[in-house]
Amino acid sequence: MMDFSPAFDLELQLEGFNGPLDLLLHLVRKQKMAISDIAIAPITEQYAEYLKRMEELNLDIAGDYFVMASTLMLMKAKSLIPREKESFEEMREDLIFQLEEYEKIVAQAAELQKLHREAVRSFPRVYKEKIEKAEREFKVGENAIFLLVEHYARVIERRKALRPILIKPKPYTMKDVLSLLFGVFRKRKSTRFSSLTHQRERGFVVYLFVSVLELVREGSLKVTQTDTFSEIILQRRGVFTEEKQQQLIARFE
Amino acid sequence: MDGDFKATVEALIFAADSPVSVEKIAKILEADMELVRAAVAELTTDYVPRGINLFELAGGYRFLTSRRFYPMVLKMKDTDRSLSLSQAAFETLAIVAYRQPVTSQEIAAMRGVQSVSSILRNLQTLELVRIAGRKDVIGRPMLYRTTPKFLELFGLYSLDELPSLEEIGVNEL
């Protein structure tokens with residue numbers, strides 16, 4: 001079994017693996033084994049133990065690790081069945097080849113890193129300083145102009161969304177509007193809608209219109225209009241008694 | 001050598017945004033390639049003691065600041081051209097660089113993972129890797145190669161300059 005003493009480097013290694021082969025290579029090296037001498041059964045156990053520990057720590061484990069785990073377990077199972085010996089040897093050879101190839105890749109990747117670190121020690125006359133990294137997504141090709149327009153539209157939209165909407169308190173209430181209507185109809189039987197809205201702002205007109213509709217529904221006003229957008233004539237159908245006025249006002253509060 | 005000819009070559013290389021090849025310079029100046037090569041060789045020597053050196057990169061030549069003065073220039077520029085790539089991305093890049101042309105599936109198999117497509121996309125966006133045709137097998141998967149920019153950012157003149165496994169110190173079996 002694996003040594004899980006405090007000296008074990010689990011903590012340090014958890015984030016550090018770049019895939020199942022990396023983990024496997026690490027386990028082989030820990031055993032101070034040559035890759036070609038890999039012993040499948042113990043490695044399978046250690047590998048599974050590693051995954052279990054990672055799960056216990058609630059670490060996200062990529063599916064790739066489980067694929068390798070099942071391959072290893074299949075190999076281990078085959079190794080125990082005499083008539084599967086050939087198939088097992090084949091799988092083991094494949095794994096050894098894969099690990100050896102991977103070991104080369106790791107070395108080559110490290111070499112590339114070294115070359116890169118050295119190459120960036122010299123600067124060109126100009127280069128897109130930080131933009132190169134931060135604006136990676138804004139990479140355009142042939143359809144550059146469309147993308148540009150799209151991005152521009154998005155910026156505008158965002159600005160619009162960010163712009164605060166000012167809500168000014170209205171200097172009048174529904175009660176005020178109703179009182180005005182009652183005042184008008186105290187003196188006369190009918191009036192034109194436009195005479196009430198003259199020089200009034202839109203909010204007031206809306207309030208007035210809503211009150212008129214309410215009075216029509218309730219039966220105390222009659223409204224006529226001959227054409228779309230033509231003058232609206234308001235006619236009183238009864239007398240607005242004090243009691244009735246209070247009743248109507250209460251309805252809007 | 002005609003001093004003006006050398007100076008013209010110098011001007012062309014300085015004005016370019018990426019490495020310029022001897023062929024290109026020869027074509028522009030309507031001069032013999034050998035002559036251009038000689039001018040470049042002299043310029044390289046001339047610039048050795050300077051703050052700017054002439055580098056052989058990606059099949060051409062480019063003026064860059066001398067590596068010796070990296071710390072001081074960095075102080076002014078705040079950032080160099082370092083790529084912020086993960087270990088997995090470097091492995092993927094190494095596979096493409098050393099085994100090109102190669103398919104996405106081949107890379108994934110070598111790394112023992114199911115897919116490397118997002119890493120490849122990132123490397124393409126960084127212009128380090130490009131699609132170079134399709135493999136003539138079922139499904140006709142795309143083949144990937146490294147770009148001139150890769151050579152430039154890794155200080156290489158050509159892919160032949162990639163260090164061999166013996167040079168890196170891994171025993172080829």
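Between chain A and chain B there are twelve residue pairs in polar contact, both residues at pLDDT 80 or more. A polar contact here is a pair of N or O atoms within 3.5 Å; within protein, one must be able to donate a hydrogen and the other to accept it, and residues adjacent in sequence count only if both atoms are side-chain atoms.

Some ground rules. This is a predicted model, where local features need pLDDT of at least 70 and side-chain atom pairs count only at pLDDT 80 or more, while totals for chains, interfaces and linings use all residues. Residues are numbered from 1 along each chain as its sequence is written, chains are lettered from A and ligands numbered from 1 in the order in which they are written, and side-chain values use heavy atoms, with hydrogens and water left out.

Now the whole interface. Chain A puts 36 residues in contact with 55 residues of chain B, contact being heavy atoms within 4.5 Å. The buried area is about 4400 Å², and carbon and sulfur atoms give 58% of that. Buried area is the accessible area (1.4 Å probe) that two parts lose on being put together, summed over both. On the chain A side, A:Leu112, A:Phe123 and A:Arg125 supply 16% of the area that chain A buries against chain B, more than any other three residues.

Next, charge. Side chains of opposite charge can pair when their charged atoms come close. A salt bridge is a side-chain nitrogen of Lys or Arg within 4 Å of a carboxyl oxygen of Asp or Glu. Over all chains the count comes to 21 salt bridges, and between chain A and chain B it is three. A:Glu118 forms a salt bridge with B:Arg67, with the closest N and O atoms 3.9 Å apart. A:Glu118 lies in helix α5 of chain A and B:Arg67 in the loop between β2 (60-65) and α4 (70-77) of chain B, so the pair joins two chains.

Terms used. Helices (H or I, at least four residues) and strands (E, at least two) are DSSP runs, numbered from the N terminus.
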